[in-house]
Every structure is written in structure tokens, then in C-alpha cells.
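Subject: Structure handover

Hi,

Here is the structure for you to look over. My notes follow below it.

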Amino acid sequence: MPVFTNPRRTPSFGVAPSLEDIEAIAAEALATIPEEFRRHVGNVRIQVDDFPSDEVEKAMELDTPFDVLGLYQGVSMVERGAGHVANDIDRIFLYRRPILDYWCESQEDLSHIVRHVLIHEIGHHFGLSDDDMEAIEAKAEEESRRARPSA
């Protein structure tokens, strides 16, 4: 369980964050996404796994399971027609071990990394371009900064 020790409420961990810790960080990150987007992802399940499945690893032709931090699996809103019938649940996968590996290598804030991956995958749900996703992330980061108490 994270121990919050600094004024920015950034989690501090004595051991590697668990799947549940990453889920909690993702839930907090989801709350920072602008409401006009957040209301359209209520039907998307966010799932945290240690690594992508063997099937995903093979389909994406990954060299290692550390090569992907997250994945959107489903039919984007752009691809859905009026008669679209969902055959499966749309999901966003966050991969704990690759995220933690990136966190250690980059020394970026873990919450920022999880938010970035989550927003990127939500962008795929909407069928957005990378530029669109960067703009959404910048807006979420700005709203998050405004919501933080000043030190």
C-alpha cells in the first residue's frame, strides 16, 4: 500500500507497487480526465496485469513483454456504426511490470506515467491521433495542477 509522505500526494513505496496500487493510481488518473471524455469511457474496463498475454505478445510481435505499457482492446467509437453490437467488453490494459521498468529507468513520477498510458489508450478508444491524445493529456495535467493545493 502506498505511503503518502509529500505535499504533492505522490505515492512513496517501500516495495514495488502491486497490481492494486497501480489500479488505485489509474482510478485517480481517470478522475483527472476532462468530463467530456470521461463520461464516454464508463463502459470501458480498466484492467491491470503484470504483462501482456502470450497472445498479445505474439500478435504485436513484441521482442519482450516489456515493450508495451498499455493496450486498448475493443472497437473504437469511430469504427462503430449505428447497428454496432458489442461482442466483448472494451478494455484498457495497463501492464504493471513494463510500467515499473519504465518508471525506474526514466525516474519520472509514477502517477504521471500511469496517467499518460491511460490517456493514450483512452485515445485509441475514441479513435484519436497521437496529437489529439497529447492535447488531452496536457489539458488533464493542467487541471490536475490547478486542483493541487499550493505548497
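Start at the end of a helix: α4 is followed by Gln 107, whose phi is positive, near 60 degrees. Helices (H or I, at least four residues) and strands (E, at least two) are DSSP runs, numbered from the N terminus. This is a predicted model: local features need pLDDT of at least 70, side-chain atom pairs count only at pLDDT 80 or more, and totals for chains, interfaces and linings use all residues. Residues are numbered from 1 along each chain as its sequence is written, and side-chain values use heavy atoms, with hydrogens and water left out.

Positive phi

Most residues other than glycine have a negative phi. Gln 107 sits in the loop between α4 and α5. Gln 107 is exposed, at a relative accessible area of 71%. (Buried means under 20% relative accessible area, exposed over 50%, partly exposed in between, with a 1.4 Å probe and protein chains only.) Glu 61 also has a positive phi, near 55 degrees. Glu 61 lies in the loop between α3 (54-59) and β4 (70-73). Its relative accessible area is 69%, so Glu 61 is exposed.

Overall layout

The protein has six helices and five strands. Along the sequence they run β-β-α-α-β-α-β-β-α-α-α. Of the 151 residues, 36% are buried. Take the contacts (heavy atoms within 4.5 Å) with a separation of 6 or more: residues 24 or more positions apart account for 65% of them.

Helix α4 and its neighbours

α4 covers residues 96-106, and its buried residues are Arg 96, Pro 98, Ile 99 and Leu 100. These pack against α1 (19-31), β3 (45-49), β5 (91-95) and α5 (110-126).

How do α4 and α5 pack? Their angle is about 130 degrees, with the axes 10 Å apart. (Axes are lines fitted to C-alpha atoms, for helices over the stretch in contact, and angles run from 0 to 180 degrees between N-to-C directions.) α4 and α5 are therefore oblique to each other. (Angles under 35 degrees count as roughly parallel, over 145 as roughly antiparallel, 65 to 115 as roughly perpendicular and the rest as oblique.) The contact uses Ile 99, Leu 100, Tyr 102, Trp 103 and Ser 106 of α4, and Leu 110, Ile 113 and Val 114 of α5. The residues of this contact divide into seven nonpolar, one polar and no charged. (Ala, Val, Leu, Ile, Met, Phe, Trp, Tyr, Cys and Pro count as nonpolar, Asp, Glu, Lys and Arg as charged, and the others, Gly among them, as polar.)

α1 against α5

α1 and α5 pack at about 65 degrees, with their axes 9 Å apart. That makes α1 roughly perpendicular to α5. From α1, Ile 22, Ile 25, Ala 26, Ala 29 and Leu 30 meet Leu 110, Ser 111, Val 114, Arg 115, Leu 118 and Ile 122 in α5. This contact has nine nonpolar residues, one polar and one charged.

Cores

The largest nonpolar core has 23 residues, and Ile 92, Leu 94, Leu 110, Val 114 and Ile 122 have the most contacts inside it. (A nonpolar core is a set of buried Ala, Val, Leu, Ile, Met, Phe, Trp, Tyr and Cys residues joined through side-chain atoms within 4.5 Å.) Two or more residues each come from α1, β5, α4, α5 and α6 (130-147). α5 gives the most, with eight residues. Another core lies apart from it, with six residues, among them Val 68, Leu 71, Phe 93 and Tyr 95.

Best wishes
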